[in-house]
Amino acid sequence: MTADSQKPTIICLAPVRNEAWILERFLASTSLWADHIVIADQCSNDGSREIASRFPKVTLVDNSSPQYDEGARQRLLLNEARKIPGRRLLFALDADEALTANWAESEEWRKAWSAPEGTVIYMDWVNIYPGFEQCWIPPYPIPYGFMDDGVEHRGEKIHSTRVPQPQSGHRIVWKEIKLLHFQYVNWERMKSKQRWYQAWERLDSPSKRPITLYRQYHHMDARPPQEMHPVQREWLEGYEQHGIDWRALQEESKAPYYWWDEEIVAMLLKHGTRKFRKIALWDVDWEEKARRMGLNVPPGLLADPRSTFEKKVHRWLAATQGRQYERKIRLLQRALRLFGW
């Protein structure tokens, strides 16, 4: 039996909301290796749906929910993929991600075809920084692939594991093929998203401490030196040979505001700024953002509500990011709990 006769149907699962800045590159690169691309679009209004419709391998399904729920959208994608008959090798990617271009030459790619059902595939997550010279790679591989066995996937509302985790325990850890992540290439866009995460969690998980939120959503500001690596040319050059230029993203993707900014302004108007005063949203002039969105907001309504003390705490958090496990910093963080931090 030849290797090709053993090949499962390879399906990429991708949630999308307003990803026009990168979607064409994502679909062009993914179309090189996937037999099918299932996209769950959540109310995009930036042309993402029109871009997706131009790619013949794409199946577009509606995620009509107004709520943010990663587990629900993962189940939506899985259910659609499972309509495709035969053995299915699934990869769960976001629109700002791509397999490294060496997938085509790697034996890891072909060996995965014969994995038993229920096998989970782990990869290094390569977060490329502006300039495409350096990247941050966490010290642990992350599950992005799955040889489908039909098991139920529950998922979490936020930061959910993307693929099922069956009891079989079968796993493959890829060393050569990695997952490129381009979120940090556009630093301002990324910061907008991280602000939104903090604001969303302030409402969804009000008991979560502001310091915890700060540390979690500013991790990119101070990575350990041992986790920073040079970007390898072979990760991208295979795509360049197909006319897919990932490096041009940093010049093309600037915008006066992002959809996360619109949602934060809506949260501030609905709940008031004081509810978010201990959340690190205030490096942005929200009144100016609202004007750019065409909103007529009364002066002062979206002004920074923080006290002098709260501003000092935020400056201290920024200065100590990456050092939060030092004893004296942990002690001070514990003391700040007395003040609602």
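Modeller: Let's start with a term: a salt bridge is a side-chain nitrogen of Lys or Arg within 4 Å of a carboxyl oxygen of Asp or Glu. This is a predicted model, in which local features need pLDDT of at least 70 and side-chain atom pairs count only at pLDDT 80 or more, while totals for chains, interfaces and linings use all residues. Residues are numbered from 1 along each chain as its sequence is written, and side-chain values use heavy atoms, with hydrogens and water left out.

Biologist: What makes Arg 17 and Glu 263 a salt bridge?

Modeller: Their side chains come to 2.9 Å, N to O, and the rule asks for within 4 Å, so the pair qualifies. Helices here are DSSP runs of H or I with at least four residues, and strands are runs of E with at least two, numbered from the N terminus.

Biologist: Is Arg 17 buried or partly exposed, and how do you know?

Modeller: Buried means under 20% relative accessible area, exposed over 50%, and partly exposed in between, with a 1.4 Å probe and protein chains only. Arg 17 has 22% relative accessibility, so Arg 17 counts as partly exposed. Glu 263, with a relative accessible area of 23%, is partly exposed as well.

Biologist: And why is Ala 52 called buried?

Modeller: Because Ala 52 has 2% relative accessibility, and the buried class takes values under 20%. Ala 52 belongs to helix α2. Leaving aside neighbours within four places in sequence, Ala 52 is in contact (heavy atoms within 4.5 Å) with Leu 23, Leu 27, Ile 39, Val 58 and Leu 60.

Biologist: What makes β2, helix α2 and β3 a right-handed unit?

Modeller: A crossover is right-handed if, with the strands pointing away from the viewer, the path from the first strand over the helix to the second runs clockwise. The unit of β2, helix α2 (residues 48-53) and β3 is a right-handed β-α-β unit.

Biologist: How do you know that β2 and strand β3 pair?

Modeller: Pairing asks for at least two DSSP bridges between two strands. With β3 (residues 58-62), β2 has 5 bridges, and the two run parallel, so they pair by this rule.

Biologist: How many disulfides does a search of the whole structure find?

Modeller: The search finds 0, a disulfide being a pair of cysteine sulfur atoms within 2.5 Å. Among the cysteines, Cys 12 is buried at 0% relative accessibility, and Cys 43 is partly exposed at 45%.
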